[in-house]
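The exercises below are to be worked with the sequence and the three-dimensional model at hand. Each task is followed by a solution in steps.

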Amino acid sequence: MQEAYPERYRGLMQFGLLEEKAVAVNEEAYELLYGMEEKLLENLETEKIISFAEKYALRLQMRMQAKEIVMKEVVNTFH
């Protein structure tokens with residue numbers, strides 16, 4: 001935020017709102033991330049997975065995809 005939006009960053013710093021905003025964004029991001037992971041895992045459980053390694057690899061891939069979406073929808077938009 002400091003590099004991409006310096007005016008917004010300075011404004012939040014000056015008014016003492018930066019930490020409050022960061023906490024709110026972080027909470028929303030994690031709620032969205034965990035919700036997306038749960039939905040993706042529900043779909044995964046219905047599919048037939050052969051091995052634990054495959055299932056683990058798919059979970060990691062889903063988490064990475066969910067993080068990308070969270071970054072685009074929550075963190076980069078600042079609500």
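**Exercise 1: A polar pair**

The side chain of Glu-37 makes a polar contact with the side chain of Arg-63, at 2.5 Å. The model is a predicted one, and the distance is computed from its atoms.

Task: Determine whether Glu-37 is buried or exposed, and state which parts of the protein the pair ties together.

Solution. 

Step 1. Glu-37 lies in helix 2.

Step 2. Apply the accessibility cut-off. Glu-37 has a relative accessible area of 12%; since buried means under 20%, Glu-37 is buried.

Step 3. Treat the partner likewise. Arg-63 has 33% relative accessibility and therefore counts as partly exposed.

Step 4. The criterion is a side-chain nitrogen of Lys or Arg within 4 Å of a carboxyl oxygen of Asp or Glu. The closest N and O atoms of Glu-37 and Arg-63 are 2.5 Å apart, and the two residues form a salt bridge.

Step 5. Because Glu-37 lies in helix 2 and Arg-63 in helix 3, the pair ties together parts that are 26 residues apart in sequence. In general, side chains of opposite charge can pair when their charged atoms come close.

Step 6. Complete the count. By this rule the protein has one salt bridge.

**Exercise 2: The nonpolar core**

Task: Identify which residues form the largest nonpolar core, and which element gives the most to this core.

Solution. 

Step 1. The protein has three helices and zero strands, in the order α-α-α from the N terminus.

Step 2. List the members. The largest nonpolar core consists of seven residues, namely Val-25, Ala-29, Leu-33, Met-36, Ala-66, Val-70 and Val-74.

Step 3. Assign them to elements. Helix 2 (18-46) and helix 3 are the elements that give two or more residues to this core; helix 2 gives the most, with four residues.

Step 4. Inspect one member. Apart from neighbours within four places in sequence, Met-36 is in contact with Ala-66, Ile-69 and Val-70.

Step 5. In soluble globular proteins, nonpolar side chains tend to be buried together.

Step 6. Gly-35, in helix 2, is 31 residues from Ala-66 in sequence, and their C-alpha atoms are 9.3 Å apart. Gly-35 itself is partly exposed, with a relative accessible area of 32%.

**Exercise 3: The surface**

Task: State which residues form a nonpolar patch on the surface, and how much area the protein exposes.

Solution. 

Step 1. Find the patch. Phe-52, Tyr-56 and Leu-60 form a nonpolar surface patch, with about 360 Å² of accessible area together.

Step 2. Examine one of its residues. Phe-52 is found in helix 3 (residues 52-75). Its relative accessibility is 67%, so Phe-52 counts as exposed.

Step 3. Turn to the totals. The protein exposes about 6,400 Å², of which carbon and sulfur atoms supply 56%. Buried residues make up 19% of the 79 residues.

Step 4. Consider contact range. Among contacts with a separation of 6 or more, 57% come from residues 24 or more positions apart.

Notes
Residues are numbered from 1 along each chain as its sequence is written. This is a predicted model: local features need pLDDT of at least 70, side-chain atom pairs count only at pLDDT 80 or more; totals for chains, interfaces and linings use all residues. Side-chain values use heavy atoms; hydrogens and water are left out. Buried means under 20% relative accessible area, exposed over 50%, partly exposed in between (1.4 Å probe, protein chains only). Contact means heavy atoms within 4.5 Å. Accessible areas come from the Shrake-Rupley method with a 1.4 Å probe; for residues, only the protein chains shown count as cover. Patches are made of residues with over 30% relative accessible area and no salt bridge: like charges are joined within 9 Å, nonpolar side chains (Val, Leu, Ile, Met, Phe, Trp, Tyr) within 5 Å. A nonpolar core is a set of buried Ala, Val, Leu, Ile, Met, Phe, Trp, Tyr and Cys residues joined through side-chain atoms within 4.5 Å. A polar contact is a pair of N or O atoms within 3.5 Å; within protein, one must be able to donate a hydrogen and the other to accept it, and residues adjacent in sequence count only if both atoms are side-chain atoms.
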